[in-house]
Amino acid sequence: MTTEVFEARTDQWTLGAPPADYVLGHVRAVLPDHVLDDALVAVRDGVVAAVEPHAPGVEADVDGQGLLCIPGLVDVHSDGLEKERLPRPGAELPMEFALLSFEGKLRAAAVTTAFHGAGFEQSHGRGLARTVERAHDVCHAVDERSANLVDHRILYRLDVRSPEGLQALQSRIAEASDAGVAPLVSHEDHTPGQGQYADRSYYERYLMGVRGLSEQEAAEHVTNLISERDGRLGVREDAMAWLGEQARAGRIRLLGHDPASAQEIGELVERGGSVAEFPTTVEAAREARERGLPVVMGAPNVLRGGSHNGNASGRDLVALGLVTALASDYLPSGLLAAAFALVDDGLVTLSEAIGLVTSGPAAVAGLDDRGRLEPGRRADLALIAAGPRWPVVHTTLVSKA
């Protein structure tokens, strides 16, 4: 039996465009259960071939100079593209440009796989209206740019009280190409007075901030909105029935958005749901874990130390061991920052923290080919410095596999 010695193979290349075969040396490799100091990471055909101690005399293509080497981040819920498309009121940019521009922010945040939220709904409560037409725009742009510097994918978000959204998503799923992984679909109901906005006053303050409504105008708007949406309970029932049928048949991977109780988790499981996304209470998160569901929380929630809607604190849920993944929500740079904040506060180890933004979300998405720094996984990698408080991304390398 012979042992392969992994050494530099190529002459000239840059970290921005790594070849299929290369070797990183003298890095601190963050493995699933510990950190391997002074490690060598060998890549062959775009796949991690070895992670081992860097033996004396072995040359590498790149001297990592003691930087942390982690898997590329996987973000399973990003709405950041909305802000990129509308950087200020009335200044909407072309979708293709917005995606290209946002891609730079993802790479700067070490994100190598991103699920962009496409809202199948008719909503005008936010800065950029969420419409079926815009959802199609997001899908088209991502379809056209799916194999570049970031692995762009879609998180289908369905407002279960939107008949237009339901019809459009049904068509989209029926036409979606078979990429070997079931599409991610999140069902949500943002009717004030429940779920994310259980306390309607948070939504009223949100409207006052983003739309400039007075306190009275915001209260009247919310009252009318609740009344309007209560007239669509039949649509909600139809949507849930169709989603359950798709999930149980394995045609989609279903996420329950903002579950608030153990009962809602039970209903999600019965429906065929696989993931609890942003549970708003400890009760819901605990029930999800007891039933074996991954639990996703927002990195900004963890970073800020609490929910801006008065819901469960992501940090508290992590401390209770109830969170398996973090999502950027709207702030890609918040992922690593939140992970390191958890380490600084002594709530998790560095390996556990990195797992929350790599292997955890990869499992949520059903992607078993990435998210861990171990042989056989895609060589989506990032070199980062821990920093005195906040991590700094030095470079992001995307697999050529």
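Does Cys139 count as buried or exposed, and at what relative accessibility? Select Cys139: at 1% relative accessibility this residue counts as buried (under 20% relative accessible area; exposed is over 50%, partly exposed in between, with a 1.4 Å probe and protein chains only). The model is predicted, with local features needing pLDDT of at least 70 and side-chain atom pairs pLDDT 80 or more, while totals for chains, interfaces and linings use all residues. Residues are numbered from 1 along each chain as its sequence is written, and side-chain values use heavy atoms, without hydrogens or water.

Next, select Phe120, whose contacts (heavy atoms within 4.5 Å) include Cys139, Tyr156 and Leu169, leaving aside residues up to four places away in sequence. Phe120, Leu243 and Leu326 have the most contacts inside the largest nonpolar core, which has 70 residues (buried Ala, Val, Leu, Ile, Met, Phe, Trp, Tyr and Cys joined through side-chain atoms within 4.5 Å).

Move to strands E2 (35-44) and E3 (47-53), an antiparallel pair joined by six bridges. Strands are DSSP runs of E, at least two residues, helices of H or I, at least four, numbered from the N terminus; two strands pair if DSSP finds at least two bridges between them.

Then colour the open sheet E6-E7-E8-E9-E10-E11-E12-E13, eight strands in parallel pairing. E6 (73-78) and E13 (325-327) stand at the edges with a single partner strand each, so one side of each lacks a neighbour in the sheet.

Finish at E12 (295-298), joined to E13 by three bridges; Val296 has Ala325 as its bridge partner.
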